[in-house]
Amino acid sequence: MPNKPRYKPPTPERLTRSALHYLERYATCRSNLRRVLERKVNKACQALELDPDDFGSMIDTVLETVTRNGLVDDAAYAETKTASLRRRGGSRRKIEAQLAAKGVDRDTIDAVLNKDDHSDEDAARTFARRRRLGPFRTTGSRAERRERDLAAMCRAGFSFEIAKRVIDAKDGLATSDEETPRED
């Protein structure tokens, strides 16, 4: 017979330990940490037949403590996540969607993305290189796969104009004048 987990009633100390344990493993924003703690409280309350609403203020207190101590910073999380997604070829739309899904507020997302010095076109080239699309294709005919490559770029959140410029470029360079390499 398998051992069932034994739940204890949530206390501020237990919730703080849970929050710290989660923060040791994952970078997160305040609203995502709230969801993690609420799930923990809900599981314990369901097993112990308690009302989860009685523990809302306890979760707020834990969140205030970790925020005050600098362990949770939505702006820093958004900057780190943006940089990570940009390195992998993430579009502005994809970054906005992922940060919003984690619970970062709209003003913070806009502020971080406005400070971002990477263009969507650079990210599109990175994405195409990673996925071996368009000029980075190593097998098969580029012309036969053009429509599929454009569709993949658009699904990744890039505008059709940027996708077309990157997919139709020669050797992965954009076709606009400012993107052509200088000869020194």
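Colleague: Which side chain does the side chain of T28 join in a polar contact of 2.8 Å?

Modeller: The model is a predicted one, and the values that follow are computed from it. T28 is placed in the loop between α1 (12-25) and α2 (30-48). The polar contact of 2.8 Å links its side chain to that of N32.

Colleague: Is T28 buried or exposed?

Modeller: Beyond four places away in sequence, T28 touches Y22, L23, L33, V72 and Y77. Its relative accessibility is 5%, and the limit for a buried residue is under 20%. T28 therefore counts as buried.

Colleague: Against which helices do the buried residues of α2 pack?

Modeller: The buried residues of α2 are N32, L33, V36, L37, V41, A44 and C45. N32 is also the partner of T28 in the side-chain polar contact, and L33 is among the residues that T28 touches. The helices against which the buried residues of α2 pack are α1, α3 (56-68) and α5 (92-102).

Colleague: What distance does α2 reach from its first C-alpha to its last?

Modeller: α2 has 19 residues, and at 1.5 Å a residue a reach of 27 Å is expected. The model is close to that expectation, with a distance from first C-alpha to last of 27 Å.

Colleague: Where does R132, which has a positive phi of about 55°, lie?

Modeller: R132 is likewise a residue other than glycine with a positive phi. Because its relative accessible area is 52%, R132 is exposed, the limit being over 50%. R132 lies in the loop between α7 (120-131) and α8 (142-155).

Colleague: Which element gives the most residues to the lining of the largest pocket?

Modeller: The largest pocket holds about 330 Å³ of space. Among its 16 lining residues, Y7, R14, L15, S18 and K40 are the closest to its centre. With six residues, the element that gives the most is α1.

Colleague: How many residues of that lining are charged?

Modeller: The lining of the largest pocket includes seven nonpolar residues and two polar ones. The number of charged residues in this lining is seven.

Colleague: What distance separates the C-alpha atoms of R145 and I167?

Modeller: R145 is found in helix α8 and, at 32% relative accessibility, counts as partly exposed. I167 is 22 residues away from R145 along the chain. Their C-alpha atoms are separated by 10.0 Å.

Technical notes
Residues are numbered from 1 along each chain as its sequence is written. This is a predicted model: local features need pLDDT of at least 70, side-chain atom pairs count only at pLDDT 80 or more; totals for chains, interfaces and linings use all residues. Side-chain values use heavy atoms; hydrogens and water are left out. Helices (H or I, at least four residues) and strands (E, at least two) are DSSP runs, numbered from the N terminus. Buried means under 20% relative accessible area, exposed over 50%, partly exposed in between (1.4 Å probe, protein chains only). A polar contact is a pair of N or O atoms within 3.5 Å; within protein, one must be able to donate a hydrogen and the other to accept it, and residues adjacent in sequence count only if both atoms are side-chain atoms. Contact means heavy atoms within 4.5 Å. The expected span of a helix is 1.5 Å times one less than its number of residues. On a 1 Å grid over the protein atoms alone, a cavity is a set of points where a 1.4 Å probe fits but cannot get out, and a pocket is an open set with protein on both sides within 12 Å along at least five of seven lines; lining residues have an atom within 4 Å of a point. Grid points are joined across faces, edges and corners, and a volume is the space filled by probe spheres set on the points. Ala, Val, Leu, Ile, Met, Phe, Trp, Tyr, Cys and Pro count as nonpolar, Asp, Glu, Lys and Arg as charged, and the others, Gly among them, as polar.
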